[in-house]
Amino acid sequence: MTEDERWIYQAQLSAAFQPSSPINRTDLFAGRRKQTDQVINAVLQRGQHIMLYGERGVGKTSLARVLAELLAKAGIKTVNSDTINCDPTDDFSSLWHKALKQLTFKISQVPAGFSGIVEKEVNLDGYVDQKVTPDDVRRALSTLTQKSVIIFDEFDKLENKEARALMANTIKTLSDHGINTTLLIIGVAQSVSDLIQEHQSIDRALIQVQMPRMARDEIMQIIKKSILTTKFTMDESAVQNIVRMSYGLPHFTHLLSLESGMAALERKSIEITPDDFSSAVHRIVDSKQTISEAYRNAVSSSHKTSKHKLTLLTCAITTPVDEHGFFQANSVAQTMASLLQKDCSVSDIQKHLTEFASPNRGNVLQRIGTIRRYKYRFSNPMLQPYTIIHSLHEGLITESKLWTLEQTIYGQT
């Protein structure tokens, strides 16, 4: 393999697997048929708007980014704003100024002193005052002659309660007046009520689409669809390892696939093997600094006999979990017993679970419920597969032990 060929293969790999940014090409978008159908059906219905919610890292923004192309393939022409990212400093007016500036169209006019007609590109921001109201939004959007879709991402970061309430009012106003615009609001949440106030009053106008973690067959679709856009091949065992280790999070699917491919290139090969997957595990431990710091903060101890690493690993591989990623303490205890091949009770791990849900350990676990009925999940979903990857890197568990545990205890293949 020449140096030029290596650069070409690396470019192909980086284009196919993109862990650092949402997917924006339909040829790389896989799975999510149910959620995609729900979103498209809502766009087709005048007066319907969409709330897309779920854990961080499950592909919500990717679906939004490919929506325009999916609609175009179905013969539906739309005017689309770029994705509007919400931040803690935003209020209702600032959000809509961002959005309306992105909605541009051309007008024909005859400038003074000229005989010919020229086209001028304008945006809708000029149709509203500095302080924007829901009715201002309605009037501005009513000037569009074509279907429009406006995407507000990271809505959970919007701290202004008035803005959340006004957004609900806007949805009601747009729906009541039959404005041919669909609002797509995306956020990290367990339910719609976590994202928008007064949501009960707009149930008729709001389609609620939950994005759970991806099923294993969907993760496999990502790998196989993406690898076809390159010259690479991937051994089926390597595919299965990546599917298992992704834990339903497409971010890690892309990251593991990319790093496995890079490991193959270091061998001057374009055939990705299970050994390349193993190399990828070590590469990721060295590259994910932010998650690595959270992991170290969670498990650090001055005592050599500390079981924090083992308990966090057990949490990471524990099943079953519910649709929101929560697991119970007794499930962790059962997994620990299977891992250590000896009896383990909730009392043996309860102290660590409580610590993991405290500021001293970085709140790496979120705890909800009441005493004896507590449920836990990783506050940052990305830390779950990272914990397993780091444990493999340190030799706390082996790949064969991990896969055997899955197959024999949980019946997963």
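**Helix packing, sheet and rings**

Modeller: The axes of helix α12 (residues 308-317) and helix α15 (residues 383-394) come within 9 Å and cross at roughly 130°, where axes are lines fitted to C-alpha atoms, for helices over the stretch in contact, and angles run from 0 to 180 degrees between N-to-C directions. That angle makes α12 oblique to α15, since angles under 35 degrees count as roughly parallel, over 145 as roughly antiparallel, 65 to 115 as roughly perpendicular and the rest as oblique. This is a predicted model, in which local features need pLDDT of at least 70 and side-chain atom pairs count only at pLDDT 80 or more, while totals for chains, interfaces and linings use all residues. Residues are numbered from 1 along each chain as its sequence is written, and side-chain values use heavy atoms, with hydrogens and water left out.

Biologist: How many nonpolar, polar and charged residues does the contact of α12 with α15 have?

Modeller: Lys 309, Leu 312, Leu 313, Ala 316 and Ile 317 of α12 meet Gln 384, Thr 387, Ile 388, Ser 391 and Glu 394 of α15, contact meaning heavy atoms within 4.5 Å. Ala, Val, Leu, Ile, Met, Phe, Trp, Tyr, Cys and Pro count as nonpolar, Asp, Glu, Lys and Arg as charged, and the others, Gly among them, as polar. By class, the contact of α12 with α15 therefore has five nonpolar, three polar and two charged residues.

Biologist: Are α13 and α14 roughly parallel or roughly perpendicular to each other?

Modeller: Helices here are DSSP runs (H or I, at least four residues), as strands are (E, at least two), numbered from the N terminus. The axes of α13 (residues 329-340) and α14 (residues 346-356) come within 9 Å and cross at roughly 115°. The two helices, α13 and α14, are therefore roughly perpendicular.

Biologist: Which residues of α14 make the contact with α13?

Modeller: The residues of this contact divide into seven nonpolar, two polar and no charged. From α13 come Ala 329, Asn 330, Val 332, Ala 333 and Met 336. On the side of α14, the contact is made by Val 346, Ile 349, Gln 350 and Leu 353.

Biologist: Which strands stand at the edges of the open sheet of three strands?

Modeller: The order is β11-β13-β12 with antiparallel pairing, and two strands pair if DSSP finds at least two bridges between them. Two bridges join β11 to β13 (residues 375-378), and four join β12 to β13. Each edge strand has a single partner, so one side of each is left without a neighbour in the sheet, and these edge strands are β11 (327-328) and β12 (365-368).

Biologist: Which residue in the hairpin of β12 and β13 takes a positive phi?

Modeller: Within β13, Arg 377 is the bridge partner of Gln 366. The hairpin has six residues between the strands, and the positive phi, near 100°, belongs to Gly 369.

Biologist: Why is the pair of Tyr 9 and Phe 232 given its class, and what is that class?

Modeller: A search of the whole structure finds seven aromatic pairs, in which rings of Phe, Tyr and Trp (its six-membered ring) have centres within 6.5 Å, and planes under 30 degrees apart count as stacked, over 60 as edge-to-face and the rest as tilted. Tyr 9 lies in α1 (residues 3-16) and Phe 232 in the loop between α7 (216-227) and β9 (233-234), so the pair ties together parts that are 223 residues apart in sequence. The ring centres of Tyr 9 and Phe 232 are 6.1 Å apart and their planes stand at 75°, so the pair is edge-to-face.
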